[in-house]
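Take a look at the structure below. This report walks through some of its helices, sheets and loops.

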Amino acid sequence: MSFIRITQAATPEVDLQTTYDAVVIGSGAAGGMAAHVLTSHGMKVLMLEAGKKLDMNSELKSMEWPYEHPRRGAMPPGHHALSLNEYNIRKPPYAAGSSFKSVYSYVQGWGGSDYSKNIVVDEKNHPYAGTNYAWVRARLLGGKTNIWGRLALRLSDYDFKAKSRDGYGEDWPISYADIAPYYDKVDLYLGISGVKENLPYLPDSLFQRPNTLAPAEVTLRNSLRKMNRVLTPYRAGVTTDGLKHNKYRSRCFGRGACSRRAGGCDIHAAFDSPTGLIYPAMDTGNLTLRTNATAREILVDPKTGKARGVAFVDTDSGRSYEAHGKVVVVAASTLESARLLLLSKSTTHPNGIGNSSGHVGHNFCEHVMGPGVTGLAKDLIGKPRTLDDGRPGNFYVPRFRNLSDKNPNFIRAYGFEGGAGTQIFPEHATDTPGFGTGFKKKVRDYAGAYISMGGFGEVLSRFENYVDLDPSLKDRWGIPVIRFHYKFGDNEKKMCEDMANAAQEMFEAAGFEILDVSRTVLTEGWSIHELGTARMGSDPKTSVLNQFQQSHDVKNVFVVDGSSHVNASCQNPTWTIMALAWRSCDYLASELGKGNL
Amino acid sequence: MSDHDNDLSRREAIKLGAAATVAASLGVGDAAAQVRVGGFFTEAEFALLDELSEMIIPTDDHSPGARAAKVAAFIDARLAEAWEQKDRTDWRSGLALVDRLSQEAHKLPFMKASPEQRLAVLTRMAQNESNPQKPEEKFFKELKSRVVYAYYTSEIGIKQEMEYKGNTYQSEFAGIDVSQQ
């Protein structure tokens, strides 16, 4: 089988004299969705992306065998990935004083890092300050969607109305009924694989061809059912049937080995923003793309107090430019969007644009990770080899705490991601004791018998967990950097203890031999699910945005990424980011048409 | 999963299994000592590393071992270009330590010792693998870790030893469809 590689229509020339209908800052899940929706309404849009446009086919080389690469996929000497130990014992900026040529976040410590070293940022150019935080950033067209884990989950009213259930924090200014039609639109436009389970706390999507389970995963699914818990095939943001309306993406062919590197899919069966959203938007003729444009400030008209455009720095040359728009749509990622709002100080907005509440940067939340379990399905030892990773993903165990019961030790919940069976590299080999023929046979015999899972728990949104601008440290472009004031709290610690215990119980109940129960909580930031630095709400004193992600203070500024989320829930956020952005951009286009912006 | 799907995957499994058998019979796993190009180690060090790697993952009746998979050459090439000089000095002293242990126990350098004597030295190094304390125990852990990585990322390791069936286009996903259950 082969694929025709299609190049998209040339983008219109960037025109910095004109006033676009909208300037979109960022090109990831949120920015891409904004570009798609706004251009579909006929608006002329300029998208600013800080990084380059990379040819993903030549970057990812998804089907290159390890032995076809001179270092078996590893980065060249002098390129260093930060370790858990470095994140914990040192303080940011982690690359300061390093003797390595380039320093990357921890995801580059996985196998196959040579394929993603141009996708994630070099920490030397992008320092940050404050408390320990494992911040993973990708500056290129499409941002982190180029390597995301692609677990695509919906939130429910258990999340949107969590305060009404347990009294903590704030409810979202929307309910599931408001966003459900937009989840449907995202499902149909981008494609998602999964299995219907009819769970009120994890609503089903409009699934394409279902994802599958390995034998040990079926064992666990059947066992969990007796505990009134669910194991469902990974809800993958992957098109398994193909998308007739999108010529840039292929359906998934279960090629396997998807997890051997930081991520990425060079046939674009897995969603990424460029092929899923941006190239089709360019084909409308309404989208202009300016890459290498590092946004530095949202410009304000002093007479009206409204935004008039964006000041940016050319990432390569360092020269300054201005782009102008009737509306500014901020989609630079949760932390970068907060940074940009705080950087945009003016006489009308002395604390940063849209920050009269003082909440920008605050209520910062995410998912806590680390606790998990590894077990052995003994009935599979020594069985003939099967292909177990030739599918879009492995499995997900949705939350089960604080649904109808009330846990005495913590509020909110966690879910597990896991997998079983053979992979291209037998991870267990290094830890299999001994050497010689016995060792070799054991590695071979046990390869299909391992199963493991790890938790993702909700970190409570707290005002005192926040980011601001460091008073002295600047990045390579002379722009003040983020300073973290962020720590897990007591609720997260207690939740993590329960996560490890529950994981062990579930594996024991399924008859797996327990090999390891991990209780180590990974450094803040590890989940790459940062959320909530410019939250939505109906009260302008305690929130930054209204229910349409529109600034309470400045009507023509919208912040459409994860920064708008009121809580983290425990479900992976990307699908919700895109559904919300779609809803808000429909509203934006309508309001602009009515002359209300 | 329908019966039809079961049939299909079984047929594919048989086909792929046959391909692996053919590769093995073509002698891809020639066990002769390898000729080296460039690298960091001296000839003697390289021969020692080659022997140690083959002892850790030997040729057996299932597939060729570390020597055929050119594990020593991969480790040697990586060390030659390693960013930190310490990696090279640690490996050089680690290999010297193997000879020293052999001298102490058997009055012979490792490569002159008998297979039983070599096994005794490596067995001593491999004790406390889960919690290495002595220099030779720590070196064994490093040695094994690199040998394992090099072997199981080699073509022999992936295709012949582990019979990995992925990294190929498939009409159906691997695994069990539970959507109707």
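## A helix of chain A against chain B

Start with helix α10 of chain A, residues 437–446. This is a predicted model. Five names to find in α10(A) are A:Phe439, A:Lys440, A:Val443, A:Arg444 and A:Asp445, which are buried. What do the buried residues of α10(A) pack against? Their partners lie in chain B: α2 (43–56), α6 (135–152) and α7 (155–161).

## Chain B as a whole

Chain B has seven helices and zero strands. Read from the N terminus, its elements run α-α-α-α-α-α-α. The chain has 181 residues, and 43% of them are buried.

Now consider contacts in chain B between residues at least 6 apart in sequence. Of these, 62% join residues at least 24 apart. The accessible surface of chain B is about 9100 Å². Carbon and sulfur atoms account for 55% of that surface.

## A sheet of three strands

Turn to chain A. Here β5, β16 and β15 form an open sheet, in that order, with mixed pairing. The edge strands are β5 and β15, each of which pairs on one side only. Strands of a sheet pair through backbone hydrogen bonds, either parallel or antiparallel.

Which way do β5 and β16 run? Strand β5(A), residues 129–130, runs parallel to strand β16(A), residues 480–485, and two bridges join them. A:Ala129 stands opposite A:Arg483 in β16(A). A:Gly130 has A:Phe484 as its bridge partner.

On the other pairing, β15(A) covers residues 466–474 and is antiparallel to β16(A), with five bridges. A:Tyr466 is the bridge partner of A:His485.

## The hairpin turn and its tryptophan

β15(A) and β16(A) form a hairpin, with five residues between them. In the turn, A:Gly478 has a positive phi of about 75 degrees.

A:Trp477 also sits in the loop between β15 and β16 of chain A. Is A:Trp477 buried or exposed? Its relative accessible area is 13%, so A:Trp477 counts as buried, the cut-off being under 20%. Leave aside neighbours within four places in sequence, and A:Trp477 is in contact with A:Asn125, A:His126, A:Val313, A:Asp314 and A:Thr315. A:Trp477 and A:Ala96 are 381 residues apart in sequence. In space, their C-alpha atoms are 16 Å apart.

## A buried serine in a loop

Where is A:Ser113? This serine lies in the loop between β4 (102–104) and β5 of chain A. A:Ser113 has 6% relative accessibility, so it counts as buried. Not counting residues up to four places away in sequence, A:Ser113 touches A:Gly73, A:Ala74, A:Met75 and A:Gln108.

## A sheet of six strands

Chain A also has an open sheet of six strands. The order is β6-β12-β13-β14-β11-β17, and the pairing is antiparallel. At the edges are β6 (232–233) and β17 (513–518), each pairing on one side only.

Look at one pair inside this sheet. Strand β12(A), residues 395–397, and strand β13(A), residues 414–420, run antiparallel and are joined by three bridges. A:Val397 has A:Phe416 in β13(A) as its bridge partner.

A helix lies across part of this sheet. Helix α11 of chain A, residues 490–509, lies across β11 (367–376), β13, β14 (450–458) and β17. It runs at about 20 degrees to β11(A).

Finish with helix α1 (residues 29–40) and helix α12 (residues 574–593) of chain A. How do their axes meet? They come within 9 Å and cross at roughly 35 degrees. The crossing of α1(A) and α12(A) is right-handed.

Which residues make the contact? From α1(A) come A:Ala29, A:Ala30, A:Met33, A:Ala34, A:His36, A:Val37 and A:Leu38. They meet A:Thr574, A:Ile577, A:Met578, A:Ala581, A:Trp582, A:Cys585, A:Asp586 and A:Leu588 in α12(A). The residues of this contact divide into 12 nonpolar, two polar and one charged.

Terms used:
Residues numbered from 1 in each chain as written. Chains lettered and ligands numbered in written order. Predicted model: local features only at pLDDT ≥ 70, side-chain atom pairs only at ≥ 80, totals over all residues. Heavy atoms only, no water. Pairing = 2+ DSSP bridges. Helix = DSSP H or I, 4+ residues; strand = E, 2+ residues; numbered from the N terminus. Buried < 20%, exposed > 50% of the residue type's maximum accessible area, 1.4 Å probe, protein only. Contact = heavy atoms within 4.5 Å. Axes fitted to C-alpha atoms, helices over the stretch in contact; angles between N-to-C directions. Left-handed = near helix turned anticlockwise from the far one by under 90°. Nonpolar A, V, L, I, M, F, W, Y, C, P; charged D, E, K, R; others polar. Areas by Shrake-Rupley, 256 points an atom, 1.4 Å probe, with all protein chains shown as cover.
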